[in-house]
Amino acid sequence: MADHEDPPGAGWARLLAAARRRLERTGGALDGEIGLTAPDESERRAVIGITGRYRPETARRLSVPLRDMDAYLRRRYGTGLAQTLARLDGPLRDRPAERAAEDARRAAVLDSAYASRLAADAWFTRWLDRIAADGTLTRLLRRTGPPLLTAAVRVLERLPEDPSRIVALPVLAEQATGDTKSLTSGGPLEHLVLRALAERTDAGIAGGAPGEVPRDRVGRRVLWESAGVVADDLASQVLVLGVGAVGDAPVSRWLREAAEAGIPFRLTLHQLASAPSPVIPAARTVFVCENPAVLRTAAAELQGTGAALVCTEGVPSAACHRLLGDAARAGVRLRWRADFDWSGLRITAAALARHGAEPWRMAEADYTAALGHGESTPLAGPSAPSPWDTGLARALAGSGRAVMEERLLPLLLADLDGA
């Protein structure tokens, strides 16, 4: 009986599998050797037959030079190792060549993206650098090829230059990709675009770290709206109290009637955008708070006699920005506040920069006074500056505690009542 097994035999299975892995990894080079750990009797006999050298039954690892395998197969069957592997399990992959081709495709798609007019913006190049460095681009090329990144760049190029000019998400998707559903929430294209917007926007406002896409729907909505894109102009709303409006448009009449009755009122972005002219508050000063509890309490206690009040309900919506942006351009004074936490500082700083608003009881003295009137929760998330009062951010960092604006209710109601 021969002291070796034919290639299809059990003694060859692991040898051929190891040889395939090695040849695919090295581009078919016959240099080096393969090894078998804990070989069984059939494998030991196969190795002896290939190498012509005795291996004891006690051997725990057997090594076989690839050239010996190739020479043995040529003598025995007339085909070398590579041809034998191809005949048994299909052609060998040339992984070095595949990697080189993949690197070339990645370089080509990046070159195309860097040719965009947006490449002059630091956020755009940071986005491309990140997705290239963390493997995202490689995974995209393997799954979908270049089109997904190309589509993302087209979407970014078609964002409104002025974020106050709102575009509907399906309209943007159709304009950029020809498919109204291509930016469906949770889809790969949406996630890729939002990663870019997270680089462009202060992501902390949206509840995430720089370059990170928030997981919650509110955070994702904020990122879109920061670029002037809304998924649903009926869902984007702003809560107001005592905000009468000038003009005879239906929205203006509704606001006046609600203000006269002291009733909180919700405006949608659709209503604001559909009005024949900008909806401008009649009041010369509009106060802005973050939490609905403040507006609700003002409605109950002031009963329609207080100043105009707008509630952002956290991060301002596109509807909120539309109403207050039009008001600011018409000369209305905006007095803005939010919670004393890092997110509140970001919201306030963004409002002051975007709308020329003034801080409303958002000074270091307001914070330290409120801090001493009760227990406070620990601050969470990345820190933020307070450019209108640099001592405020330092005070927050020093105490490590947040103060919600409800603690200031008596002072806020007095301001609203006396305005």
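I count a residue as buried under 20% relative accessible area, exposed over 50% and partly exposed in between, with a 1.4 Å probe and protein chains only. With that settled, I started at L197, which is buried at a relative accessible area of 0%.

**Ground rules**

I am working on a predicted model, where local features need pLDDT of at least 70, side-chain atom pairs count only at pLDDT 80 or more, and totals for chains, interfaces and linings use all residues. Residues are numbered from 1 along each chain as its sequence is written, and side-chain values use heavy atoms, with hydrogens and water left out.

**Entry: L197**

I found L197 in helix α10 (residues 188-200); helices here are DSSP runs of H or I with at least four residues, strands are E runs of at least two, and both are numbered from the N terminus. Which residues touch L197, leaving aside its neighbours within four places in sequence? I listed L156, L159, L223, W224 and A227, taking contact as heavy atoms within 4.5 Å. I also noted F124, 73 residues from L197 along the chain, with 8.7 Å between the two C-alpha atoms.

**Entry: T125**

Next I looked at T125 in helix α6 (residues 122-133). T125 is partly exposed because its relative accessibility is 21%. Setting aside neighbours within four places in sequence, I have Y114 and A119 in contact with T125. From T125 to T51 I get 56 Å, C-alpha to C-alpha, at a sequence separation of 74 residues.

**Entry: the whole chain**

Along its principal axes, the C-alpha trace spans about 105 × 50 × 35 Å. I have 48% of the 419 residues down as buried. Of the contacts between residues at least 6 apart in sequence, 68% join residues at least 24 apart.

**Entry: α3 against α4**

How do helix α3 (residues 66-77) and helix α4 (residues 81-89) pack? I get an angle of about 75° and axes 8 Å apart, which makes α3 roughly perpendicular to α4, a label for 65 to 115 degrees. On the α3 side I noted L66, M69, D70, L73 and R74, and on the α4 side L81, Q83 and T84.

**Entry: positive phi**

A reminder to myself: most residues other than glycine have a negative phi. A38 has a phi near 50°, and sits in the loop between β1 (33-37) and α2 (41-51). At 39% relative accessibility, A38 is partly exposed. Q303 also has a phi near 50°, in the loop between α14 (292-302) and β8 (308-311). Is Q303 buried or exposed? I have Q303 as exposed, at 62% relative accessibility.

**Entry: α18**

Last, I looked into helix α18 (residues 390-399), where the buried residues are G391, L392, A393, A395 and L396. Their cover includes α16 (342-355) and α17 (364-371). Just after α18, I noted G400 with a positive phi of about 70°.

Conventions
Axes are lines fitted to C-alpha atoms, for helices over the stretch in contact, and angles run from 0 to 180 degrees between N-to-C directions. Angles under 35 degrees count as roughly parallel, over 145 as roughly antiparallel, 65 to 115 as roughly perpendicular and the rest as oblique.
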